[in-house]
Amino acid sequence: MKNYSYNINKLLKKYNLAYKLSGSGKEVSLNCLWHSDEKGKLSINTDTGMWHCWVCREAGGFRELVKQIAKKKKTDINLDDYKGEVKKVTQVTVEENKISYPEGYEPLQGEAKDYILGRGITEEQIDYYRIGACYSGKYRGRIIVPVLNKQEELVSFIARDFTGDLKPKVLTPPSTFGRHGIKDYAFNLHRAALTGHLLIGEGVFDAISLGTRGICLFGKTATTIQIAKIINKKVKRITICLDPDAQLEANILANQLIGHVPDVRIVTLPIGTDPNSADPFVLKNAIANAKPPTIGYAMDFIGV
């Protein structure tokens, strides 16, 4: 399978389509070409050419994007004018910023521990993932779930309210310029990759409930950096376990990984559940019966 780069900016400028850069410049957003939109709900990855609309749910690859622009502008567009073959990059070069644990971080106790146990997290998992809490300082009243690199050093963390009174419910360390913050990482990736089979969830509690193979994206979608890091682990199988309302996002992610991972499948959970809340037997059965993606387009991925 060949890998291509796509000059999305050149294409959009050529046909006077206003857009905004997002993240580290690897994504652009503009008004959707498939429905009436004035809020810039169409998102395009400038490396892969993959796009999707968050409202009308249309999605596809660079070829489909070019065809739609040609249709809207009533002209012919030469695909090759905006596409160039490049070498596949296999290593992530983003430097990881080691940070300190937040002020007031301590082992779980009292209300904080009751909250975690109530989420179905065990004592063994609390120790394995080094989950603690803050009882003073900026993150007071929040569970702290560390995000570690392969050297077991802290690079980020999730700080979630355990009191029921704090807003927002979740905080993360501030990001630096040109970075995605916590979405530069995939929770538990360095440990889970050792199993050869990754189970991908949305949040940290989903990942923990998925067991030692579980990782999370901190949301329904993956950044270019997250995908590159996952691909670079060269695992044999990936099972995507996003929430039932994120089947489009699951298929998009699967198509980003196909061609780089031998076996990619998608789990379907009952409506109203997620990996953290689903009955363990139901979750296990859903993983065992995971199926290949259903969206009929395959995407190349250019690492960073």
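# Exercises on helices, burial and side-chain pairs

The buried residues of helix α2 are Phe62, Leu65, Val66, Gln68, Ile69 and Ala70. Buried denotes a relative accessible area under 20%, exposed one over 50%, and partly exposed the range in between, with a 1.4 Å probe and protein chains only. Helices (H or I, at least four residues) and strands (E, at least two) are DSSP runs numbered from the N terminus.

The structure is a predicted model, in which local features need pLDDT of at least 70 and side-chain atom pairs count only at pLDDT 80 or more, whereas totals for chains, interfaces and linings use all residues. Residues are numbered from 1 along each chain as its sequence is written, and side-chain values use heavy atoms, with hydrogens and water left out.

## Exercise 1: The chain as a whole

State how many helices and strands the protein chain contains, and what percentage of its residues is buried.

Solution. Step one: the protein chain holds 9 helices and 16 strands. Step two: of its 304 residues, 49% are buried. Step three concerns contacts, defined as heavy atoms within 4.5 Å. Among contacts between residues at least 6 apart in sequence, 62% join residues at least 24 apart.

## Exercise 2: Helix α2

Determine what distance α2 spans from its first C-alpha to its last, and what span is expected.

Solution. Step one: α2 runs over residues 62-73, which gives 12 residues. Step two: the expected span is 1.5 Å times one less than the number of residues. Step three: the helix reaches 16 Å, close to the expected 16 Å. Step four: just beyond α2, Lys74 adopts a positive phi of about 55°.

## Exercise 3: Helix α7

Solution. Step one: the buried residues of α7 are Thr224, Ile225, Gln226, Ile227, Ala228, Lys229, Ile230 and Ile231. Step four: Lys234, which follows α7, has a positive phi near 55°.

## Exercise 4: Salt bridges

Find how many salt bridges the whole structure contains, and which parts of the chain the pair Arg130 and Glu152 links.

Solution. Step one: a salt bridge requires a side-chain nitrogen of Lys or Arg within 4 Å of a carboxyl oxygen of Asp or Glu. The search returns 8 salt bridges.

Step two: between Arg130 and Glu152, the closest N and O atoms are 3.1 Å apart. This pair joins distant parts of the chain, 22 residues apart: Arg130 is in the loop between α4 (123-128) and β9 (132-134), and Glu152 in the loop between β10 (142-148) and β11 (154-161). Arg130 is partly exposed at 33% relative accessibility, and Glu152 is partly exposed at 26%.

Step three: Glu202 and Lys220 form a salt bridge at 3.4 Å, N to O. Here the distant parts are 18 residues apart, with Glu202 in the loop between β13 (197-201) and α6 (204-209) and Lys220 in the loop between β14 (214-216) and α7 (224-232). Glu202 is buried at 9% relative accessibility, whereas Lys220 is partly exposed at 28%.

Step four: salt bridges that share partners join Arg130, Glu152 and Arg191 into one network.

## Exercise 5: Aromatic rings

Identify what geometry the aromatic pair Tyr139 and Phe157 adopts, and which ring Arg191 lies over.

Solution. Step one: rings of Phe, Tyr and Trp (its six-membered ring) pair if their centres lie within 6.5 Å; planes under 30 degrees apart are stacked, over 60 edge-to-face and the rest tilted. The count is 6 aromatic pairs.

Step two: Tyr139 and Phe157 are edge-to-face, at 5.2 Å centre to centre and 85° between the planes. Tyr139 lies in the loop between β9 and β10 and Phe157 in strand β11, so the pair ties together parts 18 residues apart in sequence. Tyr139 is buried at 7% relative accessible area, and Phe157 is buried at 3%.

Step three: Tyr128, Tyr129 and Phe187 make up one aromatic cluster. A charge sits over a ring if NZ of Lys or CZ of Arg is within 6 Å of the ring centre and within 35 degrees of the ring normal. Arg191 lies over the face of Tyr128, at 4.4 Å from the ring centre.
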